[in-house]
Amino acid sequence: MKKNVALITGVTGQDGSYLSEFLLSKGYEVHGLIRRSSVDFRERIAHLEGTPHFHLHYADMNDSMSLVKLVGLVQPTEIYNLAAQSHVQVSFDAPEFTADVDAVGVLRILEAVRTNHLEGTCRIYQASTSELYGKVEEVPQNEQTPFHPYSPYAVAKLYGYWIIKEYREAYNMFCCSGILFNHESERRGETFVTRKITLAAARIAQGKQEKLYLGNLSSLRDWGYAKDYVECMWLILQNEKPEDFVIATGVQHSVREFCYLAFKHAGIELEFQGEGENEKGIDKKTGKVLVEVSPDFYRPTDVVNLWGDPSKAKRELGWNPAKTSFEELVAIMVKHDMEKVAAEHVASVMRTNLAEYLEKGVVK
Ligand code: NAP
Ligand code: F7E
């Protein structure tokens, strides 16, 4: 039997790391694309390096030739195109780079597959996004909801969505988009709102941070657990027909609610008072202001009402959107960050003690 060979772009990211673990557990040969960086950003996949069937290769989504060579070398049966400049706020500061990676990058992958004559044997998953719905035209959003992208990131991802559809129809390629709503985890980047909150709650609870500054507290999201969502990426490629799917939990919460629950898990009960820029999250027990609003985190245009309808994925892929609840997700993230902050504290005490011992000549 022919072995399943997966190529994952964005392997160092949150989803890439979980997807690698998932595919390895299914017996795949997994190849990951990494890019050169002056510092080592491979901590999410460090535990996989050196294991059999897991290989890393240098290339870049901005470099067509490197992608053509890599696809030719690996001869993948499945490509998961997860690489992206994925931060919406950053896309306002670096719109051209975002378009190059998130829009043209998708085209480069498709052309690399065609150049290597693999269009009949290689299936392609494109990491599409609920940000396509942007300034939403209907609630909740499903596969038929019109798109209204509302950031340079979303506009770039819309090109990715359409070029995948175009190659599916023009060249009969098996390529699909998963329209994924926000999914988080203990591996989430630290500047996305959920992780920023869980880390801050842990630091504040352990006396390592005074206050947390956030932007729009009323923004609504459909937050799921990343580990559950990567399974769906795989299911989309195992489907009989190449089709696009909405992946979401079907449950919506505000940033304020996420914040309240995260602090509660860290042992602090917050009470929110005031409105808009004057809203504050106050520790009910001490009366101390722990959360404040800063317009620095407002976006020129913000997407404020995302709520997905995962009925199609449930019905046609047999995927369970309720595997990890919102409450469980917050609990997992806070538990992880409480332990991380405590371990950092122990390590810093040990470093201080060691420096003292070295100075006193106790340790040579
Ligand atoms: P992430 O943690 O930000 O990971 C992004 C990955 O893309 C990283 O591995 C990054 O590499 C890589 N990358 C960026 N620019 C690149 C380039 N020029 N060449 C090669 N690799 C490059 O994102 P994620 O949360 O795992 O999301 C995965 C994908 O799903 C992204 O396409 C994102 O836009 C999309 N998405 C995410 C969500 C969500 O809620 N997480 C929802 C919908 C869609 P470095 O480590 O070197 O930076
Ligand atoms: O913001 C508000 C912010 O940056 C969520 C990416 O994975 O999911 C992600 O994009 C909401 C927004 O994620 C802060 O204004 C308030 O309304 O965590 P986020 P995102 O923009 O939804 C989609 C589906 C993707 O595709 C993306 O790749 O929270 N918010 N205060 C804040 N956001 C941040 N980052 N920081 C704040 O202080």
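This is a predicted model: local features need pLDDT of at least 70, side-chain atom pairs count only at pLDDT 80 or more; totals for chains, interfaces and linings use all residues.
Residues are numbered from 1 along each chain as its sequence is written, chains are lettered from A and ligands numbered from 1 in the order in which they are written, and side-chain values use heavy atoms, with hydrogens and water left out.

Stay with ligand 1. α1 (14–25), β5 (123–129) and α5 (152–171) are the elements that give two or more residues to it. β5 gives the most, with three residues. Here helices (H or I, at least four residues) and strands (E, at least two) are DSSP runs, numbered from the N terminus.

In total, 25 residues surround ligand 1. A residue is near a molecule or strand if one of its heavy atoms lies within 4 Å of it. The closest are Thr12, Arg35, Leu82, Ser86 and Tyr153. Thr12 places a polar side-chain atom 2.6 Å from an oxygen atom of ligand 1. Asp15 uses its backbone instead: a polar atom there is 2.9 Å from an oxygen atom of the ligand. The shell divides into 10 nonpolar, 10 polar and five charged residues. Ala, Val, Leu, Ile, Met, Phe, Trp, Tyr, Cys and Pro count as nonpolar, Asp, Glu, Lys and Arg as charged, and the others, Gly among them, as polar.

Now turn to ligand 2. It has 23 residues around it, and Ser86, Thr129, Tyr153, Ser219 and Arg299 come nearest. A polar side-chain atom of Ser219 lies 2.6 Å from an oxygen atom of ligand 2. Taken alone, ligand 2 exposes 700 Å², and the protein buries 96% of that. Lys196 has a side-chain N or O atom 2.7 Å from an oxygen atom of ligand 2. Gly215 takes part through a polar backbone atom, 2.8 Å from a nitrogen atom of the ligand. Eight nonpolar, nine polar and six charged residues make up this shell.

Next come two single residues. Ser66 sits in helix α2 (residues 64–74). Is Ser66 buried or exposed? Ser66 counts as buried because its relative accessible area is 12%. The cut-offs are under 20% for buried and over 50% for exposed, with partly exposed in between (1.4 Å probe, protein chains only). Leaving out residues up to four places away in sequence, Ser66 touches Ala59 and Asp60; contact means heavy atoms within 4.5 Å. The backbone nitrogen of Asp60 lies 3.3 Å from a polar atom of the Ser66 side chain.

Arg315 belongs to helix α9 (residues 311–317). Arg315 counts as exposed because its relative accessibility is 59%. A polar contact of 3.5 Å joins its side chain to that of Glu316. Such a contact is a pair of N or O atoms within 3.5 Å; within protein, one must be able to donate a hydrogen and the other to accept it, and residues adjacent in sequence count only if both atoms are side-chain atoms.

Key. Accessible areas come from the Shrake-Rupley method with a 1.4 Å probe; for residues, only the protein chains shown count as cover.
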